[in-house]
Structure formats: structure tokens, C-alpha cells
Amino acid sequence: MIQPRRKNLSIGAMLSKGLFFVGVGFLLFYLLFPFYWAIVSSLKTSNQLFATPITYFPPTPQWVNYQTIFTTQPFGRFLFNSFLVAGGTTLLSLFIGLFAAYAIGRFQFRGRQPIYYTMLAVTMFPSISVLGGLFVLVRSLGLYDSIPGLILTYLLFTLPFTIWILTSFVREIPMELEEAAYIDGATPVQALFRVMLPVIAPGLVTAGLLAFIQAWNEFLFALTFTVNERSRTVPVAIALFSGTSSFELPWNQIMAASVVVTVPLLVLVLIFQQRIVAGLTAGAVKG
Amino acid sequence: MLNLKNKDLSKKQSSLAAWRTRTAWFFLAPSLIILLLVAAYPLFRTFQLSFFDVSILKFPLQATWVGFDNYVALFSDPRWWRSVWNTVVFTFYSVGIETVLGLTIALIVHSEFRGRGLVRTAMLVPWAIPGVVSSQMWRWMLNDVYGVINDLFMRLRIIRTPMAWLAEPALVLPALIMIDVWKTTPFMALILLAGLQGIPKELYEAARVDGASPVQQFWRITLPLLRPSLLVALIFRTLDALRVFDMIYIVAGTQIETISMSIYARQQLISFGSLGYGSAVAAGIFLILAMYISVYLVTLKVEVK
């Protein structure tokens, strides 16, 4: 006998459904509140910031902090530096990595497997263990305290990761595609750029985004290989933020600067969320 | 005649193979040169310099050979062992909590409900915020007088009086673990969610027909089939936590209560400028992580078999 579906949920089911949504609500609060708090703090004056009891909304939203960070220090310069470093690192990684991924993903040759696994190992090893050696290298190349110096050292982690992601994309493209190009007399470089490039574009976007985010957020190398404001990037600037008095830090300005560097990243991540999640989990699951 | 043709063909094939090999190496060359320059060479230098007494302040470097002295000193350096201990405790608790919490979140997001897309998007927020930014955010939130955490916790009656989260020695490490859990649990949850989505729905239907309760389904189906993703997520997170630098450096500085291995190495190398001893510390970290990675590779191989 077919039982009719009951429209009214039992009390137990309703209770567990209610509990479930309370849990979801709490989860959302937990994930989002810290960033909300950064925004609220960035819109307060110092007096409002250090007032008790704490106000959970900005009483009179102050945009002045967003101006102050650009006038009391060259924050625009830091942003520009970060764009140069992250952009340069990304483009270089993609360009160099594409060739390597094509070789590993398509060509059979001795040493292919060891090279692939060495790349994998490089992504795992701690960057602190090369910090001293890199410092000496950067000094002796005359790249200390410069943007090119940062770009070169960032390739340490973006390049293997890029090659790794692109290789998995290259492997999924059917052979027939380039074989046709080779029969028509194309060179490998032509086959790569005319045939593979358009098909592999989604992979380039994923790898490029992840490389950009990594380089944009990097702190240890930027802190160690630069000293002047001339070549300082945003993460170092935010970490080294100091106020007029050493007693209380200007938290409203720090939060304003934090919001400024985070918003572009959040927008990128939200637009490309499917791709990023796919790239991250593919990288992790295939590991 | 026929023989000759075959020979010709195989000759042609082998020359084609040689040509393909040459092309492959040609394509690989730029990447290999760069990685030799920024990975292999500095790593070699780290090991080499660890046998010298050398200051980072003078260029060109003036190094004095000291043999294993740096390693002998490292072995009896209480600050080094304290940093190892801090890092291991930090890793153990953060990865442990992240796994349980990440699995819970993954299970919640895996079920069908209205607003699921919103939660999935929100999960990316802590991950997308730069580490330096989230460290400063939490440092401000954990401020003992003006921090919102004390205010919230007191309103919710979790604590009675404001806590000095970042000044009280016994509270700093738990606070750091709390921050790390917030920042990295979403990553864990995303990997586990991908694993959950790979489990065939038919299995649950069959279990339901056989009268298995949801709890039984979780222990008998979900957990065993999730094992590979769980293992990978655990390994990646452990590796990350063992390397921790940014967050602890910004929130707690170089104080002995919470100094991590990476922070200690950088302090010796750069702040104190002892390139020789600092390199021995860095080499020590490398060896610890290499040990961990090889254990992991062996485990994975066993797992795959």
C-alpha cells in the first residue's frame, strides 16, 4: 500500500530542522563576522574605537580612515608594488610553466616521472629552509630590496604549483587535436600556441588566479628581502603599521588598509569560485 | 626488401623519439633553470653554510669552517627545542580541531537545504583573506580592553571578566590555535566536501532499505569512503601548520611561549644575523619535515595498494 506523503512534519522533525538552521546561522556568523568587524572598525573614529561599551555598528560612518592611509604613508605605492609583484610572478609562472607542462603532459622521455615528482616535492618543502641561501643569492645578484628580486624568489612556490595544475589540464586534452596540427607540418611551439592554448585557457585562468593570490599574500620573503618603502608590498606594510603613539595602534587605519587589500581578492574569488575550488581540490585530491 | 623497409621505419621512429626527447628537454629547460636557481642552489647553500661561522651583515661573506659545532649547539639549545615543541603542539591541536570541524561543516553543506550556495560562498571568505590581514583582524578582536571577543563572550556569559588573550602566557597558544582554526577549516571542509560528493548515492539508498540508521550510515559508509580525502587533507594541513610563520609572527611576535620553528630560524638568520647557526636551524627544520613527508609517502603507497 502506498502511504500518502504527510504534509505536516512531526514535532521531532521540525525541532531537528530548526536546530539545523540555527547551526547554519551560527556557521555563517562564525565565517563572516571577523571581516564584518574589520569593516565596522575601519569606519570608526579613534574615540569611537576605544569607547566602552563597544558599538556593533559604526555610529557615524567615517570614510576618513580610507583617506588617511594614503596620505600618512605611501599606501598607493605599496598597492602598486603588490600589483607589480603578483602580476609579474603570475605571468612569468604561466609562460614558463606552460612549456614545462606541455613537455611533461605530452612527451614520453626518460626522466619525466622523476622531474614531475621533484616538482611536487618542491611545493611541499618549507620556504624557511632556503631563506638564508636565497638571501645570499638575492644579494649577490644585486636584487636585494627590489621588485624583480621578489618576483624571482616567488617563482619558487608559484612555478611548481602552476606546472602541476597545467599538466593535469594538458593530459585531459585529446591527442588527435595536436596530431592533426603536426600532420599539417606545425612545429611543437606552433602546436602549443595555436592548438593547445585555446583549449587550455580555463587551466591558465585557474593556475593564474592561484598564483596571483599566493604572490599577493606572501609575507616571509617580502619581509626579509626588502627594507625600503620603495619596494615594500602591502602585507609587509599592514604588518608593520605603527601609529603616532606606540601605546595604541591605529586599528581603524589598519582595518581600512586591510579592507582595501582584501576586497579585490574577495571579488576575484567570488567571481571565479567554481574554478578556484576545482583547482584547489584537484590539486589536493590528486596529490 | 621488406626487412630493409622495417629497418628504415624503426630508424625513423627512433630518430623521431630522439627529436621528441630533445624538444621536451628544450621546453623544460627554463623551468628547470629557475628551480635550480631558487630551490636547489639555496638549499645546498643552507646545508653548506650550516658548517660555518658566518655573519649575514658583511658582503662578500667571510666564513670560518666550524665543522659540526652549529649542530652540537643546536642540539643543546633550549630555545630551539621549545620552538619545536610549540610547533608540534600548535599543529596537533589546530589540525585536530580543523578536521572534526571541517568534517561537520562539509556534512552540513553536503545536505540539501535552502541557502546552501550562500554558505558555500561564505566558506571561501576566511580562505580568501590574506594571512597578514586576518592576523591583524584577530589581534584587534582579541585586544584585552577594546576587543570584541571579550565583549561577545561576556554577553554570552562564556567568561565573567575580560581575558588578556594575547598577554597571558597560558592563553596565547590557545588563541593562536583558535585563529588558525578559523582561517583554515574552510579549506579542510572544501576538500572533504569534494570527497563526500564522490560517494555514490545508491550506497545510502541501499543502506536505508536495509534499515541502517543515519549514525550507522556515517560510520559504515561515509567515513570509510572518505578516508582518502581525509588523509590528503590531514597531510596538507599538517605540513602547512608545521611551517607556520606569518600568523604567529604577527599576533604573538617572537616570544618564547609561542615561537615556532620557522620564526626561530628567521630570528637567528636575519634578526641576529648568524647565517651559520641560522642555517643549522633551517636544516633541522628541513630534516624534520623531510622525515614527515617520507612517512606520509610510505603511508600513501600502502593506502593505494
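A:Asp145 is buried, because its relative accessibility is 6%, where buried means under 20% relative accessible area and exposed over 50% (1.4 Å probe, protein chains only). This is a predicted model in which local features need pLDDT of at least 70, side-chain atom pairs count only at pLDDT 80 or more, and totals for chains, interfaces and linings use all residues. Residues are numbered from 1 along each chain as its sequence is written, chains are lettered from A in the order in which they are written, and side-chain values use heavy atoms, without hydrogens and water.

Most residues other than glycine have a negative phi.

Turning to the interface, 89 residues of chain A are in contact with 86 residues of chain B, contact being heavy atoms within 4.5 Å. The buried area between the two chains is about 8,100 Å², with 81% from carbon and sulfur atoms; buried area is the accessible area (1.4 Å probe) lost on putting two parts together, summed over both. A:Leu31, A:Met124 and A:Ile128 lose the most area on the chain A side, together 8% of what that side buries. Helix H1 (residues 11-42) of chain A gives the most to this side, with 15 residues.

Conventions. Helices (H or I, at least four residues) and strands (E, at least two) are DSSP runs, numbered from the N terminus.
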